[in-house]
Amino acid sequence: IVGSEIAAEDITEFYYTFSSSTYPPKYQRYRFYKEKETYKFYYEKREGFVWPLTESHITLSESIELSEKEWAEFVNYLNGGKVIERNQNSETGGSGPWLYLYWEGDRDKYHQFSFSTLSEEKAFESFCVELVKSNSM
């Protein structure tokens, strides 16, 4: 276990991906990342009636710039979460979500993230939905 002591200023990237083969299948990805000195949020939704949903099924995607306040709110959701060694089998079976955190100085091994509680994860999902809504108006 790497733990929860990753400095907020060291976070470079965070992925949240949900994918399900239910009918109709579902796919949603959120990505928070730094690009030079800018904070960004990328979202992607795939829709269709075949499985698996591929990049050709993207119906909504965009990358937006975040304010420092929005980035700080994102980081706040990560507080208390843990990062463990990445399980290469995590994308087999089940719909996820799969969460990966990257930071400056990591050793390219410990990226699998888990929120401190389920309610914190649900609050994070709501935050992402609100970012998408506010950008699409």
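**Reading a pocket and a helix pair**

Tutor: Phe18, Pro24, Pro25, Lys26, Tyr27, Gln28, Lys45, Arg46, Glu47, Gly48 and Phe49 line the second largest pocket. This is a predicted model, in which local features need pLDDT of at least 70 and side-chain atom pairs count only at pLDDT 80 or more, while totals for chains, interfaces and linings use all residues. Residues are numbered from 1 along each chain as its sequence is written, and side-chain values use heavy atoms, with hydrogens and water left out.

Student: What is the volume of the second largest pocket?

Tutor: On a 1 Å grid over the protein atoms alone, a pocket is an open set of points where a 1.4 Å probe fits, with protein on both sides within 12 Å along at least five of seven lines; lining residues have an atom within 4 Å of a point. A volume is the space filled by probe spheres set on the points. Here it is about 170 Å³.

Student: Which strand supplies the largest share of the lining?

Tutor: Strands are DSSP runs of E with at least two residues, and helices are runs of H or I with at least four, numbered from the N terminus. Strand S2 (26–35) gives the largest share, 3 residues; S2 and strand S3 (38–46) each supply at least two. Pro24, also in the lining, lies in the loop between strand S1 (11–20) and S2, and the peptide bond from Tyr23 to Pro24 is cis, with omega near -5 degrees.

Student: Where is Lys36 found?

Tutor: Lys36 is in the loop between S2 and S3. Its phi is near 60 degrees, a positive value in a residue other than glycine.

Student: At what angle do the axes of helices H1 and H2 cross?

Tutor: Axes are lines fitted to C-alpha atoms, for helices over the stretch in contact, and angles run from 0 to 180 degrees between N-to-C directions. The axes of H1 (residues 68–78) and H2 (residues 118–136) come within 9 Å and cross at roughly 160 degrees. H1 is therefore roughly antiparallel to H2, a term for angles over 145 degrees.

Student: Which residues of H1 meet H2?

Tutor: Contact means heavy atoms within 4.5 Å. Glu70, Glu73, Phe74, Asn76 and Tyr77 in H1 meet Glu120, Ala123, Phe124, Phe127 and Leu131 in H2.

How values were computed:
Parallel < 35°, antiparallel > 145°, perpendicular 65-115°, else oblique.
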